[in-house]
Amino acid sequence: MILEFFSALGLWAIPLSFLFTVLLNLLGVIPSIFVTGINIILWGPWWGFLLSWLSELVGSSLAFWLYRKGVQQWKGEKKGNWRWIQKCNSLPRGKQQLSLLTVRLAPFFPSGVVNVAGAFTNVRLIDFIWTTGIGKIPSITLEVVTFLGFQQLGRALQWTILGLVVVGIVLWWYSKKKQAVD
């Protein structure tokens, strides 16, 4: 149903997919793998990857920036006392970048958690953007490969069923022929 809707939009599906992925990143709790799947079906693995990666990058960066604005408005005393924030804020810039990149490269680590957690630290926006850009490559690639694998599994299953039907017909025909001879 959703795929049919996107498909009917033609090229307008591109900005809608982009916007939808950005909104999912702002919400931070719903994975965007389904949108990546739609992008792959509609635009192929390369263009689907690029659209998904770019929209994830923009969405995560916008979420980080908006969350940081919210954190700055929040005057809670406890946020500065959290040990992990103090640890991250005390790291030199290069180690902050490496830490963020390491977390981003873990494909199963929820993006929303990284976006929110980063907002509580003093990590620079530009560092967040470039580490997210590089770090999103493996997770989007994994989503593309996984989705393509499921598509191939679907085709393999279809061929397997067809093969079993053909074998069944041949065995049925052979058994009927053998009964006629006996």
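Visitor: Is Q96 buried or exposed?

Guide: This is a predicted model, in which local features need pLDDT of at least 70 and side-chain atom pairs count only at pLDDT 80 or more, while totals for chains, interfaces and linings use all residues. Residues are numbered from 1 along each chain as its sequence is written, and side-chain values use heavy atoms, with hydrogens and water left out. Buried means under 20% relative accessible area, exposed over 50%, and partly exposed in between (1.4 Å probe, protein chains only). Q96 has a relative accessible area of 7%, so Q96 is buried.

Visitor: Where is Q96 placed, and with which residues is Q96 in contact?

Guide: Helices are DSSP runs (H or I, at least four residues), numbered from the N terminus. Q96 belongs to helix α5, residues 93–105. Contact means heavy atoms within 4.5 Å. Setting aside neighbours within four places in sequence, Q96 is in contact with C88, N89, L91, N122 and V123. The side chain of Q96 also reaches the backbone oxygen of C88 at 2.8 Å.

Visitor: What span should helix α2 have?

Guide: The expected span of a helix is 1.5 Å times one less than its number of residues. Helix α2 holds 15 residues (13–27) and should therefore span 21 Å, which agrees with its end C-alpha atoms being 21 Å apart. Just after α2, G28 takes a positive phi of about 75 degrees.

Visitor: Which residues of α2 are buried, and against what do they pack?

Guide: The buried residues of α2 are A13, S17, T21, V22, L24 and N25. Their packing partners are α1 (2–8), α3 (33–73) and α6 (111–119).

Visitor: At what angle do α2 and α3 pack?

Guide: Axes are lines fitted to C-alpha atoms, for helices over the stretch in contact, and angles run from 0 to 180 degrees between N-to-C directions. For α2 and α3 the angle is about 40 degrees, and the axes are 7 Å apart. Angles under 35 degrees count as roughly parallel, over 145 as roughly antiparallel, 65 to 115 as roughly perpendicular and the rest as oblique. The helices α2 and α3 are therefore oblique to each other.

Visitor: Which residues does L42 touch?

Guide: L42 is found in helix α3 and is partly exposed, with a relative accessible area of 23%. Not counting residues up to four places away in sequence, L42 touches L3, F6, S7 and A13.

Key
Helices (H or I, at least four residues) and strands (E, at least two) are DSSP runs, numbered from the N terminus. A polar contact is a pair of N or O atoms within 3.5 Å; within protein, one must be able to donate a hydrogen and the other to accept it, and residues adjacent in sequence count only if both atoms are side-chain atoms.
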